[in-house]
Amino acid sequence: MKKYLFITPLLLAIAGSMAFAAEPTVRISDIARIDGMRSNQLVGYGLIVGLDGTGDTQQTVFTAQALANMLQKFGVNVPASKAKAKNIATVMVTADLPPFARPGGKIDILVSSLGDARSLQGGTLLQTPLQAANGKVYAVAQGSVSIGGFNAGGGDTTVTKNHATAGRIPGGAIVERDVPAAICEDGVVNIVLNDPDFVMTSRIAESVNAKLGAGSASAVVPGLVRVNIGNAANVVGLIADISQLPVTETTSAKVIVNERTGTVVIGDAVRISPVAISHGNLSVEISSEVQVSQPEPESKGKTVVASEKSVSVQEENARLVYLEPGNTLGELVKALNELKVSPRDMIAILQALKQAGALHADLEII
């Protein structure tokens, strides 16, 4: 059964109360970051051992080669063609190295099967170097894999919970090398917005100037605010104060539609022009019934089979709803609820409103 998110009268009351609410106030750290604070992706190729016969099969040639290479490091010389085991699996190990991570710190890692293993349940990842895009090793991973599920059964009967060929190791990697991060150069700190916007860039600059003094911050381009902190003795403390400054957030006029699930999300800033909406359903049902005609006894007649079709048409009365000028989210939700439309029909109505130029919002279909 498909699940839908439908806008109910309860949500209507909430939407109506939000229609004229003041714009929310957020912290700068909620909508922006300091330039230089970024994570780095790490990747590695490793072996998981200790599986209960659910590892890679002999068809996965690179697993046998990896096993032979690993044994050779411990002084055991076995040809790759003779290295046969069902309790190992080759995996790709991925992780995100957070900004300012120091050597000795631990980060979470993800492991994903690279061969044809059936399950990684109960496996242990052997020491695996994790490299960045520049080829340097920044962390080393090892530990027991948690898949958050299971894969059990025998013969033609199996029971599977979650995804058994991928898992994670919390704190499974130790940072071996830090990444230099320059957050202040020549007494300048750059604030980068997560979503570039003219209004928000200007408001952030105004908020910082109110805190540090006129001329301290300037909006360079949409999404970038340059702050001059000079020779501040406590750069970290000053940046912490800046990140906590309040800013009035703008609400974008946007409607998100997911046609696969029937989910519709309508932003509070959505406005619609005067428009009349009419909606009605037409159902046509065609049924076929087989009629058999038997001849009388001892007659020379033949049995005749005929198909009798019947057509029934049912049409709901279309309802016309007129929306006044300046209508907001509350009126739009109320109108759609009065029409008693399904999520699929609601999507069609929103698309028609956009095409007619009556919906003043960005309509995104995902």
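I started in strand 10, where I looked up the bridge partner of Ala 141 and got Ala 173. Strands here are DSSP runs of E with at least two residues, helices are runs of H or I with at least four residues, and both are numbered from the N terminus. The model is predicted, so local features need pLDDT of at least 70 and side-chain atom pairs count only at pLDDT 80 or more, while totals for chains, interfaces and linings use all residues. Residues are numbered from 1 along each chain as its sequence is written, and side-chain values use heavy atoms, with hydrogens and water left out.

**Entry: around strand 10**

I checked what else goes with that first pair. Strand 7 (residues 137-144) and strand 10 are antiparallel partners over three bridges; two strands pair if DSSP finds at least two bridges between them. On strand 5, I found six bridges to strand 10 (residues 166-175), again antiparallel. Lys 106 has Ile 174 opposite it in strand 10.

Then I went to Gly 104, which sits in the loop between strand 4 and strand 5 (106-113). Which residues does Gly 104 touch, not counting those up to four places away in sequence? I got Ile 174 and Val 175, with contact meaning heavy atoms within 4.5 Å. I also looked at Gly 104 and Ala 139: they are 35 residues apart in sequence, and 9.2 Å apart in space from C-alpha to C-alpha.

**Entry: strands 6 and 7**

Strand 6 and strand 7 run antiparallel, joined by six bridges. I noted Thr 124 opposite Ser 144 in strand 7. The two strands make a hairpin with five residues between them. I clicked on Gly 135 in the turn and noted a positive phi of about 85 degrees.

**Entry: strand 3 and its partners**

How many bridges join strand 3 to strand 4 (residues 89-97)? I wrote down nine, with the strands antiparallel. Leu 47 has Thr 90 as its bridge partner in strand 4. Strand 3 also runs antiparallel to strand 6, with three bridges joining them. For that pairing I noted two bridge partners in strand 6: Gln 131 for Val 43, and Leu 125 for Ile 48. A reminder to myself: in a regular strand the side chains alternate between the two faces of the sheet.

**Entry: the largest pocket**

Next I looked for the largest pocket, and its volume is about 350 Å³. The search uses a 1 Å grid over the protein atoms alone; a pocket is an open set of points where a 1.4 Å probe fits, with protein on both sides within 12 Å along at least five of seven lines, and lining residues have an atom within 4 Å of a point. Grid points are joined across faces, edges and corners, and the volume is the space filled by probe spheres set on the points.

Which elements supply at least two residues each of the lining? I found strand 3 (40-49), helix 3 (61-73) and strand 6 (124-131). Among the lining residues are Tyr 45, Leu 47, Met 70, Lys 73, Phe 74 and Gln 127. The lining splits into seven nonpolar, four polar and one charged residue. In that count Ala, Val, Leu, Ile, Met, Phe, Trp, Tyr, Cys and Pro are nonpolar, Asp, Glu, Lys and Arg are charged, and the others, Gly among them, are polar.

I traced an open sheet of four strands in the order 2-11-13-12, with antiparallel pairing. Strand 2 (32-34) and strand 12 (217-221) are the edge strands, each pairing on one side only. On average, neighbouring strands of this sheet are turned by 25 degrees against each other, direction ignored. Ile 34 stands opposite Ile 191 in strand 11.

Helix 4 (residues 198-212) lies across strand 2, strand 11, strand 12 and strand 13 (224-228), and runs at about 160 degrees to strand 12. Axes are lines fitted to C-alpha atoms, for helices over the stretch in contact, and angles run from 0 to 180 degrees between N-to-C directions.

I then picked Asn 209, which is in helix 4. A polar atom of the Asn 209 side chain lies 3.0 Å from the backbone nitrogen of Ser 216. Leaving aside neighbours within four places in sequence, the contacts of Asn 209 include Ala 214 and Gly 215.

How values were computed: Polar contact = N/O pair within 3.5 Å; in protein donor to acceptor, adjacent residues only side chain to side chain.
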